[in-house]
Amino acid sequence: MTLEKQLGEAIYSQINQLSDRMAALQQTPRADISPQYGLNDLKYREYGQHDLYQLAEAMIANNPPQFARYIVWQRAMLRGHRVPDFFTELQLQSEQTVLMGAFSTDYHSVIVRLLQAAAEALHETEKTGLSSTQNTLQSKLMARYMETLLAGNREEAAELIMKAVENGVSIRDIYLEVFKPGLYEVGRLWQSGQITVAHEHYFTAATQLIMSELYPRIHRHTAQNRGVVVAACVSGELHEIGLRMSADLLELEGWQTYYLGANTPAMSIVDIMREKKARLLVLSMCLPINGPELRALIAMVRQQLGGSVKIIIGGYSISSDPVYAASFGADDVAVDAGDAPAIAAGLLGR
Ligand code: B12
């Protein structure tokens, strides 16, 4: 096992103590001004934990740029919420002090290398760290969809989509060229402080509602039977729309989908795979904080169900980083929900 991997796992085994120590180091010098930025002991601990998870995942995957990208993202998010940059810098410093104090000198060069790469990324780039929204075939429809939902008109947005489908726009295009870029843009608006969590929740809930309205068209379409596929997000993972798109697009291509949605305990996934005699498992993970769960789940499926079960993974952090994606040992990785049917057919020869 590499030093990086050992250290990543050691961080996990002490994550609460480490984030407590980081919070203490950050709270004390900034006690006077922290409250005006909404920062308190709880927030410092929460940010510290996210940070340590991201660092541990980057170490386990031996992928320093992954952590640097996270730090640049975090600074952009905090800027969006009017927290000054000193917070991110202080967080990196306290992380280094705590980790050097907790682990033997064998690991110090690894710690310094990853944290320095992140600090340099902050200095080198004034890039926003915000995800961009691409122009797509359906970008006009996407712009109208966004405008309508951000104005709070759910019914109108549903009508817009239903009409587009009646006029021949495919469900695949609605998913991948309207809903997906729309949701990414909502994420960017939230991150940059231009909309609130309530706006994002409303947009997300309305999109899920409209997906449900579209579902009978998917179900009706299905004539073939390519076999059963179980679709789930790992335990702790709440971002489920990408998974749902994958399941629906597989269903459109003749797979019988058993869709479990967000936050599914590992053992129940294994049990249902057995019960349904499923040979394909599709999993989604958005946030690296859920990486340990995904790794443990894949190991459990391999051990309990053997190699004939094929596993495809996808999700925001996985789809955007091939090095990280490869660290989980799945049979294949999907960048986009639209890739799922071809990958599944390739893996199972159907
Ligand atoms: C909606 C949303 C939420 C909702 C999710 C609700 C739900 N029921 O799904 C809620 C409110 C729960 C949420 C919470 C959080 N969120 Co959020 N969220 C989003 C948002 C706006 C949209 C997510 C989405 O549906 N995207 C659309 C789908 C279609 O895209 P996708 O997931 O990438 O899926 C595509 C591919 O990845 C692929 N795919 C995905 N899974 C699979 C699986 C298979 C098998 C296959 C084949 C393909 C595949 O296919 C899809 C289509 O191409 C994103 C913005 C974004 N960029 O996505 C932020 C975002 C993901 N969230 C973010 C954050 C930070 C959080 C929180 C930590 C915020 C907080 N402080 O509380 C929490 C974490 C909660 C948790 N414990 O999981 C950040 C993550 C940043 C990062 N660097 O890690 C983002 C990127 C926002 C941003 N721009 O900063 N969030």
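Tutor: Start with the ligand shell. Helix H9 (171-191), helix H10 (197-221), helix H11 (241-252), strand S3 (280-284), strand S4 (310-314) and helix H14 (316-319) each supply at least two of its residues. Helices (H or I, at least four residues) and strands (E, at least two) are DSSP runs, numbered from the N terminus. This is a predicted model, where local features need pLDDT of at least 70 and side-chain atom pairs count only at pLDDT 80 or more, while totals for chains, interfaces and linings use all residues. Residues are numbered from 1 along each chain as its sequence is written, and side-chain values use heavy atoms, with hydrogens and water left out.

Student: Which element gives the most to the shell around the ligand?

Tutor: H9, with 8 residues.

Student: Which residues come nearest to the ligand?

Tutor: A residue is near a molecule if one of its heavy atoms lies within 4 Å of it. Here 38 residues are around the ligand, and Trp 73, Tyr 184, His 239, Glu 240 and Ser 284 come nearest.

Student: How do the residues of the shell divide by class?

Tutor: Ala, Val, Leu, Ile, Met, Phe, Trp, Tyr, Cys and Pro count as nonpolar; Asp, Glu, Lys and Arg as charged; the others, Gly among them, as polar. The shell has 19 nonpolar, 13 polar and 6 charged residues.

Student: Where do the domains come in?

Tutor: Domain bounds come from an automatic or database domain assignment. The chain is divided into domain 1 (3-124), domain 2 (139-218) and domain 3 (224-348). Domain 2 and domain 3 each give at least three residues to the ligand shell. Their centres, taken over C-alpha atoms, are 24 Å apart. The contact takes 14 residues from domain 2 and 12 residues from domain 3; contact means heavy atoms within 4.5 Å.

Student: How are H9 and H11 oriented to each other?

Tutor: Axes are lines fitted to C-alpha atoms, for helices over the stretch in contact, and angles run from 0 to 180 degrees between N-to-C directions. The axes of H9 and H11 come within 11 Å and cross at roughly 175°. That makes the pair roughly antiparallel, a label for angles over 145 degrees. Their contact has 9 nonpolar, no polar and 3 charged residues.

Technical notes: Angles under 35 degrees count as roughly parallel, over 145 as roughly antiparallel, 65 to 115 as roughly perpendicular and the rest as oblique.
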